[in-house]
Amino acid sequence: MITRVIDRDFANMRLDRFLRKAFPNEPLSTFFAILRKKKVRVNGVHAKAPQMLHEGDTVDIYENFKSIANENEAPVKKAWGTAPQFSERYFVEQNLNIALEKEDFVIIDKPSGIPSQPGTGTRKGESLVEMLWQWGNDQQLDFKPTIAHRLDEETSGLLVAALHGDTLRELTKMLREHQIKKTYLALVKGNLDKERGTINTTLERTDSKAGAKMKTGTKEGINAVTHYAVKERFDGYDLVKIDLETGRMHQIRAHFESIGHPLIGDSRYGDFSLNREFKKNFGLKRLFLHSARLDFEWHGEKIGIDSALPLELKCVIKELRNLRKKSAPKNPTRK
């Protein structure tokens with residue numbers, strides 16, 4: 001018999017999912033068989049696959065798994081699963097910026113150019129996820145730190161990562177129910193007609209060799225809502241503050257492109273000739289989009305944290321202000 005006591009990382013998890021997480025080297029057919037034959041008990045009572053587990057529950061498995069030779073050699077394999085790919089410690093020191101660390105989660109200030117997770121075209125060990133794995137391993141965490149949401153590779157700024165399984169599930173629920181307010185800053189082409197506005201149009205994902213892209217205004221698309229307010233106006237450009245009511249892939253980029261005001265530096269939805277001009281005149285080599293603030297309540301504590309614009313974006317704003325000052329009409333001399 002194998003006995004496991006549920007800790008917080010496996011709390012509020014279905015029994016069948018717990019079995020897959022705790023014993024990753026066993027085939028699914030084994031779990032189906034033992035559940036069907038009533039060889040699993042929770043707190044002494046026969047249990048079924050959908051049963052939700054709670055912290056402190058005792059799970060007894062009346063079977064000796066092939067992947068476990070001896071009960072004393074069978075510690076529960078935490079949610080780390082199979083051995084992850086770690087980042088080099090020097091790379092972590094240079095690129096992993098922890099803006100806030102709590103017992104349950106950390107808030108990361110991600111640099112532009114760092115992808116949120118490993119994928120095609122991403123160098124081994126150079127994603128935010130892999131850096132978090134290395135950091136979590138160094139901190140001797142039982143749970144693999146997991147980001148609750150993502151930012152595009154070119155986007156900088158704040159995002160949340162859970163340090164426990166129950167925290168991840170709670171943060172995911174909060175994001176789904178729009179209980180975490182995410183505020184962005186972006187520089188867009190042209191001057192918007194209104195100081196404040198809302199973009200409400202559907203987004204549908206399309207895939208091609210060039211990569212995934214969101215198509216706006218289709219009947220098959222999913223509803224997406226973006227609120228914005230002009231923070232500062234320049235000659236032909238607006239710095240806007242953006243609040244997301246929904247969180248779809250490329251939502252901000254696709255929405256502003258759909259109203260004729262694409263983001264500066266956007267290599268997928270933007271004005272490519274204008275992007276080249278900004279690169280030449282301002283040295284901007286990235287998307288001008290920054291996750292500037294997160295607000296939410298966590299177990300009675302109000303969390304609010306800001307991230308300043310990165311230096312390369314501050315320099316663009318400074319130059320635009322200088323140009324605005326130079327082009328402003330001079331006041332007539334008083335007599």
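Predicted model: local features only at pLDDT ≥ 70, side-chain atom pairs only at ≥ 80, totals over all residues.
Me: How many helices and strands make up the secondary structure of the protein chain?
Reply: The C-alpha trace of the protein chain spans about 95 × 45 × 45 Å along its principal axes, and 66% of the contacts with a separation of 6 or more join residues 24 or more positions apart. The secondary structure within this chain comes to eight helices and 16 strands.

Me: Which residue of β4 is the bridge partner of T3?
Reply: β1 pairs with β4, residues 58-61, in the antiparallel sense, and four bridges join the two strands. Within β4, the residue bridged to T3 is D60.

Me: Why do the buried residues of α7 line one face of the helix, and within what arc do they fall?
Reply: In α7, which covers residues 272-282, the buried positions are L274, N275, F278 and F282. Viewed down the helix axis, these buried residues line one face because they fall within an arc of 105°.

Me: Which exposed residues does α7 carry on the face turned away from its buried side?
Reply: The buried residues of α7 are covered by elements including β9 (181-189), β14 (237-244) and α8 (311-327). After the helix comes G283, with a positive phi near 70°. On the face of α7 turned away from the buried side, the exposed residues are R276, K279 and K280.

Me: Is H149 buried or exposed?
Reply: H149 is placed in the loop between β7 (146-147) and β8 (156-162). Its relative accessibility is 9%, and since a residue under 20% is classed as buried, H149 counts as buried.

Me: Which residue has a backbone nitrogen that the side chain of H149 reaches at 3.0 Å?
Reply: Leaving aside neighbours within four places in sequence, H149 is in contact with L158, L159, V160, L175 and K182. The backbone nitrogen that the H149 side chain reaches at 3.0 Å belongs to V160.

Note on methods. Residues numbered from 1 in each chain as written. Heavy atoms only, no water. Pairing = 2+ DSSP bridges. Buried < 20%, exposed > 50% of the residue type's maximum accessible area, 1.4 Å probe, protein only. Arc of directions from axis to C-beta. Contact = heavy atoms within 4.5 Å. Polar contact = N/O pair within 3.5 Å; in protein donor to acceptor, adjacent residues only side chain to side chain.
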